[in-house]
Amino acid sequence: MASLWNAFKENRTKIWVGAVTLLLLLYLVVTFQRSILLLSDPSLVAKGIGAGYLVLPIIGAWALIRELLFGARTEKMAKVLEAEGGLPVDNLPRTPGGRIVRAAADAEFEKYRVEAEAAPEDWRSWFRLSCAYDAAGDRKRARESMRDAVRLFRAQPTAAGE
């Protein structure tokens with residue numbers, strides 16, 4: 001029982017991603033089914049609504065696939081960095097509530113910004129910069145930096161077997 005609990009704790013993010021993905025897939029299937037029903041209705045208004053409703057599962061499926069691939073690629077890059085000993089160490093001071101102290105994150109961020117500017121074609125520097133943005137609370141820039149890291153990682157000849 002303890003090993004099952006440990007396996008859950010180690011994989012809880014993947015379990016939640018799987019659960020949310022299944023719920024979204026259920027929603028997309030139901031939405032697709034409803035759009036087909038509306039398209040088969042003789043009313044032109046219903047057909048128009050059905051056609052518009054058909055766009056939702058297409059966009060939803062595209063977004064789901066895009067995010068799952070982004071997560072898988074990010075995880076693959078993290079494993080490479082971990083094997084190389086290049087993952088940033090999470091040793092920033094925290095508040096009693098568990099949040100990273102902003103001043104410490106900002107100071108640490110500067111180191112990774114300089115690294116990314118010095119090596120703009122190295123995905124590793126962009127990955128670490130993304131982690132620094134995240135620690136500093138700038139989620140938008142963290143995601144942009146991680147997308148840059150993924151793009152550079154995929155452009156490598158060794159990542160071609162992906």
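Trainee: In what order do the elements of the protein chain run from the N terminus on?
Mentor: This is a predicted model, in which local features need pLDDT of at least 70 and side-chain atom pairs pLDDT 80 or more, while totals for chains, interfaces and linings use all residues. Residues are numbered from 1 along each chain as its sequence is written, and side-chain values use heavy atoms, with hydrogens and water left out. Helices (DSSP runs of H or I, at least four residues) and strands (runs of E, at least two) are numbered from the N terminus. The protein chain has five helices and zero strands, and the order is α-α-α-α-α.

Trainee: What is the radius of gyration of the protein chain, and why is the chain described as more spread out than a compact globule?
Mentor: The radius is taken over C-alpha atoms, and the globule rule is 2.2 Å times the number of residues to the power 0.38. For 162 residues the rule gives 15 Å, and the chain's value is well over that, so the chain is more spread out than a compact globule. Along the principal axes, the C-alpha atoms fill a box of roughly 65 × 45 × 35 Å. The radius of gyration is 21 Å.

Trainee: What percentage of the 162 residues in the protein chain do buried residues make up?
Mentor: Buried means under 20% relative accessible area, exposed means over 50%, and partly exposed lies in between, with a 1.4 Å probe and protein chains only. By that definition, the buried share of the 162 residues is 24%.

Trainee: Among contacts between residues at least 6 apart in sequence, what percentage join residues at least 24 apart?
Mentor: A contact means heavy atoms within 4.5 Å. Of the contacts in the protein chain between residues at least 6 apart, the share that joins residues at least 24 apart is 52%.

Trainee: How many Å apart are the end C-alpha atoms of helix α3?
Mentor: The expected span of a helix is 1.5 Å times one less than its number of residues. Helix α3 covers residues 102–118, which is 17 residues, so it should span 24 Å. The distance between its end C-alpha atoms agrees, at 24 Å.

Trainee: Which helix do the buried residues of α3 pack against?
Mentor: In α3, the buried residues are A104, A105, F109, Y112 and A116. An α-helix has 3.6 residues a turn, so residues three or four places apart point the same way. The buried residues of α3 pack against α4.

Trainee: Which helices are included in what covers the buried residues of α4?
Mentor: Helix α4 has 13 residues and reaches 18 Å from its first C-alpha to its last, close to the expected 18 Å. Its buried residues include W123, W126, F127, R128 and Y133. What covers the buried residues includes α2, α3 and α5.

Trainee: Which residue with positive phi follows α4?
Mentor: Helix α4 covers residues 123–135. The residue that follows the helix has a phi near 90°, and it is G137.

Trainee: What is the angle between the planes of F109 and Y133?
Mentor: Rings of Phe, Tyr and Trp (its six-membered ring) pair if their centres lie within 6.5 Å; planes under 30 degrees apart count as stacked, over 60 as edge-to-face and the rest as tilted. The structure holds two aromatic pairs. F109 and Y133 form a tilted pair, with 4.8 Å centre to centre and an angle between the planes of 50°.

Trainee: How many residues apart are F109 and Y133?
Mentor: F109 counts as buried because its relative accessibility is 14%, and Y133 is buried at 15%. F109 is in helix α3 and Y133 in helix α4, so the pair links distant parts of the chain, 24 residues apart.

Trainee: The charged end of which residue sits over the ring of F70?
Mentor: A charge sits over a ring if NZ of Lys or CZ of Arg is within 6 Å of the ring centre and within 35 degrees of the ring normal. Over F70, the charged end lies 4.5 Å from the ring centre and belongs to R147.

Trainee: Leaving aside its neighbours within four places in sequence, which residues is A78 in contact with?
Mentor: A78 lies in helix α2 and counts as partly exposed because its relative accessibility is 22%. Its C-alpha atom is separated by 50 Å from that of D41, 37 residues apart along the chain. Beyond its sequence neighbours, A78 is in contact with L87 and F127.
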